[in-house]
Amino acid sequence: MKITAISIFPEYFTPLDLSLIGKAREQGLIDFKAINLRDFTYDNHHTVDDTPYGGGAGMVMKPEPWGEAIDSALAETDAPVDLIVLTPAGSKFNQRKAETLASAKHIIFACGRYEGIDARVADFYRTQNQVRVHEISIGDYVLNGGEVAALVIIEAVTRLLPGVIGNPDSLAEESHNELGELEYPSYTKPANWRGLEVPEILLSGNHGAIAKWRREQALSRSQQNSSIEPQD
Ligand code: SAM
């Protein structure tokens with residue numbers, strides 16, 4: 001999978017050198033590139049923002065550098081591209097969206113700053129055949145920029161790619177499955193830690209009873225905490 005992140009802070013993406021994603025990049029499973037939006041400006045100050053039409057506080061990111069930066073990323077591939085414009089006003093990211101994006105060939109992330117990106121950028125690329133535009137929020141709160149949101153999505157999507165997680169069975173029984181269920185609580189050794197015992201049933205060796213207990217725990221947690229809608 002090819003991934004391009006466009007940002008005024010490309011250094012934000014150095015964590016992608018680490019851990020499973022770092023290894024997957026070394027193995028060629030993920031081809032990641034960060035592009036500096038300021039490389040597509042032509043004034044001495046490398047300006048990427050301007051005052052909002054209609055007035056109001058803050059600055060808005062100008063469409064011209066965004067257009068050039070996205071075009072440069074699109075020029076690198078013939079495949080259909082998923083362009084993710086990060087915005088707190090977008091549709092909410094979840095495990096279903098991660099699964100859908102895991103079959104993408106090339107994802108481009110547009111990481112906004114200031115008051116966000118001129119709305120015509122998303123509108124323009126919606127008219128382009130090669131591009132599917134997704135305006136995505138990672139939750140109901142406001143960050144300073146889209147870089148952290150892009151990192152969240154990159155991690156959730158790329159761990160689903162074959163070969164990225166060492167043991168693919170770990171993906172089989174995870175939280176937020178297609179029924180919107182959460183996983184049961186997990187324990188390891190020692191059996192007593194600071195006076196807290198591991199639930200006795202897990203030490204019983206009775207696999208049927210353990211499976212039943214885990215199922216009950218998963219259902220009770222799901223009723224309390226899950227917000228994801230079950231699929232039909
Ligand atoms: N003025 C915008 C609003 O109220 O909707 C907020 C802009 S925010 C300060 C700057 C940038 O951070 C956004 O353009 C977006 O890229 C990113 N961002 C902030 N919160 C986000 C969220 N919850 N999900 C995804 N991106 C977010």
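Predicted model: local features only at pLDDT ≥ 70, side-chain atom pairs only at ≥ 80, totals over all residues.
Residues are numbered from 1 along each chain as its sequence is written, and side-chain values use heavy atoms, leaving out hydrogens and water.

Let me start with the sheet, which is open and built from 5 strands in the order 2-1-6-5-7 with parallel pairing; strands here are DSSP runs of E with at least two residues, helices are runs of H or I with at least four, both numbered from the N terminus, and two strands pair if DSSP finds at least two bridges between them. At the edges sit strand 2 (31-36) and strand 7 (131-137), each of which pairs on one side only. Strand 5, residues 81-92, is joined to strand 7 by 8 bridges, and within this pair Val 85 stands opposite Glu 135.

Turning to Arg 113, we find this residue in the loop between strand 6 and helix 4 (120-126). Is Arg 113 buried or exposed? Arg 113 is buried, because its relative accessible area is 12%, where buried means under 20%, exposed over 50% and partly exposed in between, using a 1.4 Å probe and protein chains only.

Finally, what does strand 5 supply to the lining of the largest pocket? Strand 5 gives the largest share of that lining, 5 residues, and strand 5, helix 4 and strand 7 each supply at least two.
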